[in-house]
Amino acid sequence: MKLEDLRRIRERASKEISLRTGGARVRVIVGMGTSGIAAGARDVMGAFLDEIEKRDLTDVIVTQTGERGWASSEPVVEVRVEGEPAVVYGEMTPDAARRVVAEHIVNGSPVVDYVLEVRKDAT
Amino acid sequence: MRRRLDVLICSGAACVSSHSEAVRDALRGEMERQGLSDEVRVVETGCMGPCELGPILLVYPDGAFYVRVRPEDVAEIVEEHFRKGRPVDRLLWTDPAARRLAEEKRQIGFFAKQQKIVLSNCGRIDPENIEESIAAGGYEALGIALTERSPEALIAEVERSGLRGRGGAGFPTGTKWRLVAQAPSATKYVVCNGDEGDPGAFMDRALLEGDPHSVLEGMAIAAFAVGASRGYIYVRAEYPLAVRRLRTALEQARRHGLLGERILETEFSFDIELRIGAGAFVCGEETALIASIEGERGVPRHRPPYPSERGVFGQPTLINNVETWGNIRHVILRGASWFRGIGTERSPGTKVFALSGKVNRTGLVEVPMGTTLRELIFDIGGGIPNGKALKAVQTGGPSGGCIPANRVDTPIDYESLRALGAIMGSGGVIVLDEDNCMVDVARYFLEFTCDESCGTCAPCRAGTRQMRGILERITAGDGDGEDLERLRALAETVRRTSLCGLGQTAPNPILSTLEQFADEYRAHIEERRCPAGVCTALIRYEIASDRCRACDRCRRVCPVEAIAGAPGEGAYVIDVARCIRCGRCRDVCPFAAVEVRSGG
């Protein structure tokens, strides 16, 4: 193994610990309260995780939160891109999740069909 | 599917002792049952620091910090948090300032004032997986050293960094490297001193368990710099987890071509062998350690010649402490001037301390040199339990001394501690409160050094025994007016005439307590009184008749039937002649009626 090989291992392995290093550009927060889960939030989250993996996006993390008072619009997902207002999506589906990854997270334009709220105060 | 949670479970020795392995198994089983194994991974890490709160779980990316987790809590954590995203509040760190988010973990008092460099990977990566170590920057410094730097440049960098030996004496590391590099011999050795033996010290264990690769990397860099091709790590058999992880790390490093022949396909070859010590304290002394490595009995030799001239098998040997080795990769990677920017002018960098004794948050911490003892004990350690007053801080173990409470604003560095009659030592910090008797503390340490004296030289063998005898006499109430002078004279002789560091520093606990707490010694001798109420020969237990409610609890627990009374009748009475002063009556009394008295 040469130094270049070592660096290649580092590049590959750094994905393994990226959750712990806190260098995420994007946070996807899936509402996983009772109504969210009942409305299919787990499938939505699965679609996010799968699409992020497929596209090999290393700077995106997916976390969960509880009930946020939007039961009728569940599943609710908030997408926070560093330096931009947070976008809250409602009535999400697995397909919508894949669109959000492609259009919002990768290309930078939110999927307006599903937007519930845009929050400028979020960090 | 991409993993979305890393659940880090602290697997340092302290957490293993509090049954973290059962929690780990429960986690893996529950995750399997709930079908989350693909999304959530359990990672075993080294020590995270707050040992007293173990077993500990740290969940990334959200940063929830769970403490004192029991196997029966696991199902709830997995269901509520990992599945539904609702952290289980009752198990989160309950520090008033604590929050559950990762970005706020740093605001937890325990972590806020720490600066983790040596321990940066401890509690963050899996120490048994070399790829996680590499991902966290491991072996990059070695790669750079072998391909872009000359041995001379490496030595100069370490010299410029001002790094000093973390084993306790504070000898400049770069100077040591240069001495070995200049020694004229074709065969040289590098040695890692992991014979951590001070009561209350567990810094080296934590680093060896939590990030063994950082030690291997430091040694390999040094071997290249000084021209050695063989190294030894000397570690105690009583650290089985550290030994196991070191073995794993060595094997993985060899498999990756980071140890062994032609490292990273350069001309440089170097390998490391483990030497397991039997736990004799004297083997932490470098010449005794070298003898032990050679297969001889672990007894010290005269210095000079120093190991840099004649060490292992008579060859020039570079010997550094575990924590010193852990600093090397950072010095090489980030440079001497970066390193000098941390800590103080004469003591750059950080120091790892093991906090124990009468302090709320016992555990492992790393702070910049120059941090004050007050910050260490109160801001990080959370202060003294039960509203008691701080009395003194013992640093440096059996070679160190006690710093009185009125000096806790002293910034910690090699010189300031020495000026107070203590030493930096390897980093053990034992906090003493008003209930500790300083004569008894000195006696405890002398008993330790007396037991551990190897017997080679008379001053240490006989002197520690004599000093211990005098201290025992004083704590038994049989001291006489000349004992303090005798102690001082003996201490001075042992200090000046012992063969090795063990004997030369053994009197320190006496000298420093005599200097700072002479009144306490005099109370024992002149008034037959132990002000802290510790020395059993000088105290008696009494029941305050106005507070006693005749509940009978004390009488029932007394192992020698020294307490008389009948339930519901008059106040109970302790028969002082029969009482063995075990204190169990005081522990069970709900009315604080049992008092310890000493003197008059």
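Residues are numbered from 1 along each chain as its sequence is written, chains are lettered from A, and ligands are numbered from 1, in the order in which they are written. Because the model is predicted, local features need pLDDT of at least 70 and side-chain atom pairs count only at pLDDT 80 or more, whereas totals for chains, interfaces and linings use all residues.

Chain B is divided into domain 1 (5–105), domain 2 (130–338), domain 3 (350–433), domain 4 (438–526) and domain 5 (536–598), with bounds that come from an automatic or database domain assignment. The centres of domain 1 and domain 3 of chain B, taken over C-alpha atoms, are separated by 30 Å. Here 5 residues of domain 1 are in contact with 5 residues of domain 3, contact meaning that the C-beta atoms of two residues, placed from the backbone, lie within 7 Å. On the domain 1 side, the touching residues divide into 3 nonpolar, 1 polar and 1 charged. In this classification Ala, Val, Leu, Ile, Met, Phe, Trp, Tyr, Cys and Pro count as nonpolar, Asp, Glu, Lys and Arg as charged, and the others, Gly among them, as polar.

Helices (H or I, at least four residues) and strands (E, at least two) are DSSP runs, numbered from the N terminus.

In α7(B), the residues B:Ala141, B:Leu142, B:Gly143, B:Ala145 and B:Leu146 are buried; a buried residue has 20 or more other C-beta atoms within 10 Å of its own, an exposed one 12 or fewer, and a partly exposed one falls in between, with C-beta atoms placed from the backbone. The cover over these buried residues includes α1 of chain A together with α8 (151–161), α11 and α14 (322–334) of chain B.

The largest nonpolar core has 198 residues, where a core is a set of buried Ala, Val, Leu, Ile, Met, Phe, Trp, Tyr and Cys residues joined through C-beta atoms within 7 Å. The residues with the most contacts inside this core are A:Phe48, B:Val191, B:Met219, B:Ala220, B:Ile221, B:Ala222 and B:Val226. Helix α11 (residues 212–226) of chain B gives the largest share of the core, 10 residues. Leaving aside neighbours within four places in sequence, B:Val226 is in contact with B:Trp177, B:Val180, B:Ala181, B:Lys188, B:Val190 and B:Leu318.

Turning to the sheets, 4 strands of chain B form an open, parallel sheet in the order β7-β6-β5-β8; strands pair if DSSP finds at least two bridges between them. Strands β7 (271–277) and β8 (317–321) of chain B stand at the edges with a single partner strand each, so one side of each is left without a neighbour in the sheet. Strand β5 (residues 189–194) of chain B is joined to β8(B) by 5 bridges, and B:Asn193 stands opposite B:Asn321 in β8(B).

A second open sheet of chain B has 5 strands in the order β10-β9-β13-β11-β12, with mixed pairing. In strand β11 (residues 390–395) of chain B, 6 of 6 residues are buried. Strand β11(B) runs antiparallel to β13 (residues 428–433) of chain B, with 5 bridges joining them, and B:Thr395 stands opposite B:Val429. Strand β11(B) also pairs with β12 (residues 401–404) of chain B, in the antiparallel sense over 4 bridges. These two strands, β11(B) and β12(B), form a hairpin with 5 residues between them, and B:Gly396 in the turn has a positive phi of about 85°.
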